[in-house]
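Subject: Structure handover

Hello,

Here is the structure for your files.

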Amino acid sequence: MIFLTLEHILTHISFSIVSIVITIHLITLLVDEIVKLSDSSKRGMIAAFFCITGLLVIRWVYSGHSPLSNLYESLIFLSWSFSIIHIVPYFKKNKNDLSIITAPSVLFTQGFATSGLLTEIHQSEILVPALQSEWLIMHVSMMVLGYAALLCGSLLSLALLVITFRKDITLFYNKNNVLNFNESFSFGEIQYMNKTNNFFGNTSFFSVKNYYRSQLIQQLDRWGYRVISIGFIFLTIGILSGAVWANEAWGSYWSWDPKEIWAFITWTVFAIYLHSRTTKKWPPANSAIVASVGFLIIWICYFGVNLLGIGLHSYGSFILMSKESL
């Protein structure tokens, strides 16, 4: 009983902290000079990470198996993966340009996992025979980490497309109102203003604005490529380990199961993205379109297939509300 109470407390604490962090992010977008708020946001996200980690450890202890056996647990692990991506840049003492994406992602997954839609599978139960394998941790953890990285990279690509094709969005560099071309560029320091503002009457400002728009697009493209590359590696390892596990459990490496097919489609889409990034003839926007399509494919693979409730992964369906989400 004490474990369930601790899990419940940690779940609500982490959700509340992330909500506060997002509020702080919104404030710092409006008032960039408030350094203390930015530091509080950093500390808050680290605290949320430890809360989610504690939640997973507690669930592992009292259930007797890794907390990756159903949709609720995989969503908690997904939010933990987003928080990992959020705090990793802090180790390099750089400004976290991914925070505007990762923090809401943690809030969304955490909120959905603890919502009333999944209350029937919050309680941990004995694993079904198909999941009683040492491959469970390897396969599911790699897949979820891959999903998290690929989703973050895809959202960066979506942001790139918005900035590229929305001509009515204007950018300016906000740091003591001084434009310094020698400083390293960070798209976290860019703010958006409407064209109708009188401040945009200066012709020279438009050339500077276009410069920073170009720099922002390059930064988004570079970050998206890096994050998607990492996610693609995790996804590849997850699919390969799943094939080995499938051979042990079902006697075949590949069974054309709906989940397997959509996982392969996801892998193919992002393989095309990575290939397009090596083709100099392709502008960043074209590669970003591929990654944006991949964003939808991931959610189909992760949630959409579960709605069908058929195939070898049917125990992960919403209909049955039982044992696995991957």
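Predicted model: local features only at pLDDT ≥ 70, side-chain atom pairs only at ≥ 80, totals over all residues.

Residues are numbered from 1 along each chain as its sequence is written, and side-chain values use heavy atoms, with hydrogens and water left out.

Annotated spans. The unreviewed UniProt entry places "transmembrane region" at residues 12-31, 43-62, 74-91, 138-165, 223-246, 261-276 and 288-312; such annotations may be inferred rather than shown by experiment. Residues 43-62 are 100% helix and 0% strand, with end C-alpha atoms 29 Å apart. For residues 74-91 the figures are 78% helix, 0% strand and 26 Å. Helices here are DSSP runs (H or I, at least four residues), and strands are E runs of at least two.

Helix α4. Residues 99-113 form this 15-residue helix, which reaches 21 Å from its first C-alpha to its last. Its buried residues include Ile-101, Val-106 and Ala-113 (buried is under 20% relative accessible area, exposed over 50%, partly exposed in between, with a 1.4 Å probe and protein chains only).

Cysteines. The whole structure has zero disulfides (cysteine sulfur pairs within 2.5 Å). Cys-51 is buried because its relative accessible area is 12%, and Cys-301 is buried because its value is 1%.

Surface. Trp-254, in the loop between α6 (203-250) and α7 (258-277), counts as partly exposed because its relative accessible area is 31%.

Regards

Definitions and conventions:
Expected span 1.5 Å × (residues − 1).
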